[in-house]
Amino acid sequence: MSKVTQIAHPLILHKLAFIRDKNTGSKDFRELVEEVAMLMAYEVTRDVQMAEVEIETPICKTKCKMLAGKKLAIVPILRAGLGMVDGMLKLIPAAKVGHIGLYRDEETLQPVEYFCKLPQDIDERDIIVVDPMLATGGSAADAITLLKKKGAKNIKLMILLAAPEGIKYVMDIHPDVDIYTGAIDEELNENGYIVPGLGDAGDRLFGTK
């Protein structure tokens with residue numbers, strides 16, 4: 001069964017307050033999202049496999065721990081997920097980056113893939129799917145389903161803000177995917193926006209309406 005981890009670190013909560021503020025402009029919004037993603041990455045990668053290696057310091061030889069095992073992939077959900085990638089790459093520069101773009105057909109209500117570019121060895125990597133918002137959970141669940149169809153096995157979902165409805169939806173469909181979030185908000189309103197939320201993350205990141 002998947003687990004939900006709220007990373008309620010003071011620095012994350014502090015920066016989320018500025019992210020939520022409607023008066024925060026696109027430049028500051030982008031920088032804050034990048035910073036929070038970097039801070040959250042510490043927790044999300046806590047269980048990454050390590051191996052003992054021998055190195056030589058200026059004094060003597062010694063044994064240290066370094067990352068080992070499966071390699072990492074960061075997969076943002078377009079377009080808002082792009083705002084979280086650079087922050088994570090500052091901590092994990094060797095990670096590969098894939099991209100998934102989906103929209104829902106208005107007649108069939110089925111997810112339609114309009115862009116999907118993944119590392120060739122995606123089935124061998126530990127994957128972190130990133131998106132600032134988990135509202136209804138539809139986009140995240142669809143992206144994870146697509147990754148599984150491509151052979152992905154070990155997947156985590158990392159988001160800034162989540163609605164309880166979105167968490168439940170993803171957990172029901174993907175009980176093997178752990179969810180990491182900076183905050184769990186109250187609910188969704190009648191328009192599907194998270195309350196209190198932060199508005200439309202994509203528009204605020206890129207200055208669009």
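What is the volume of the largest pocket?

## Largest pocket

The volume of the largest pocket is about 700 Å³. A pocket here is an open set of points on a 1 Å grid over the protein atoms alone, where a 1.4 Å probe fits, with protein on both sides within 12 Å along at least five of seven lines. The volume is the space filled by probe spheres set on the points.

Lining residues have an atom within 4 Å of a point. The largest pocket is lined by 27 residues, of which Asp131, Met133, Ala135, Thr136 and Ser139 are the closest to its centre. At least two lining residues come from each of β6 (99-104), β8 (125-134), α4 (138-149) and α6 (201-206); helices (H or I, at least four residues) and strands (E, at least two) are DSSP runs, numbered from the N terminus. By class, the lining has 14 nonpolar, 8 polar and 5 charged residues. Ala, Val, Leu, Ile, Met, Phe, Trp, Tyr, Cys and Pro count as nonpolar, Asp, Glu, Lys and Arg as charged, and the others, Gly among them, as polar.

## Basis of the model

The model is predicted, with pLDDT of at least 70 needed for local features and 80 or more for side-chain atom pairs, while totals for chains, interfaces and linings use all residues. Residues are numbered from 1 along each chain as its sequence is written, and side-chain values use heavy atoms, leaving out hydrogens and water.

## Helix α4 with helix α5

Helix α4 packs with helix α5 (residues 164-173) at an angle of about 20°, and their axes are 9 Å apart. The two helices are therefore roughly parallel (angles under 35 degrees). Gly138, Ala140, Ala141 and Ile144 of α4 make the contact with Tyr169, Val170 and Ile173 of α5 (heavy atoms within 4.5 Å). These contact residues comprise 6 nonpolar, 1 polar and no charged.

## Helix α1 with helix α2

Between helix α1 (residues 10-20) and helix α2 (residues 26-44), the packing angle is about 155° and the axes are 10 Å apart. The pair is therefore roughly antiparallel (angles over 145 degrees). Leu11, Ile12, Lys15, Phe18 and Ile19 are the contact residues of α1, and Phe29, Leu32, Val33, Glu35, Val36, Leu39 and Met40 are those of α2. The contact of α1 with α2 contains 10 nonpolar, no polar and 2 charged residues.

## Cis peptide bonds

Leucine 78 and arginine 79 are joined by a cis peptide bond, with omega about 0°. Arginine 79 lies in the loop between β4 (71-76) and α3 (85-91). A cis peptide bond, with omega about 0°, also joins valine 195 and proline 196. Proline 196 is located in the loop between β12 (194-195) and α6.

Definitions and conventions
Axes are lines fitted to C-alpha atoms, for helices over the stretch in contact, and angles run from 0 to 180 degrees between N-to-C directions. Angles under 35 degrees count as roughly parallel, over 145 as roughly antiparallel, 65 to 115 as roughly perpendicular and the rest as oblique.
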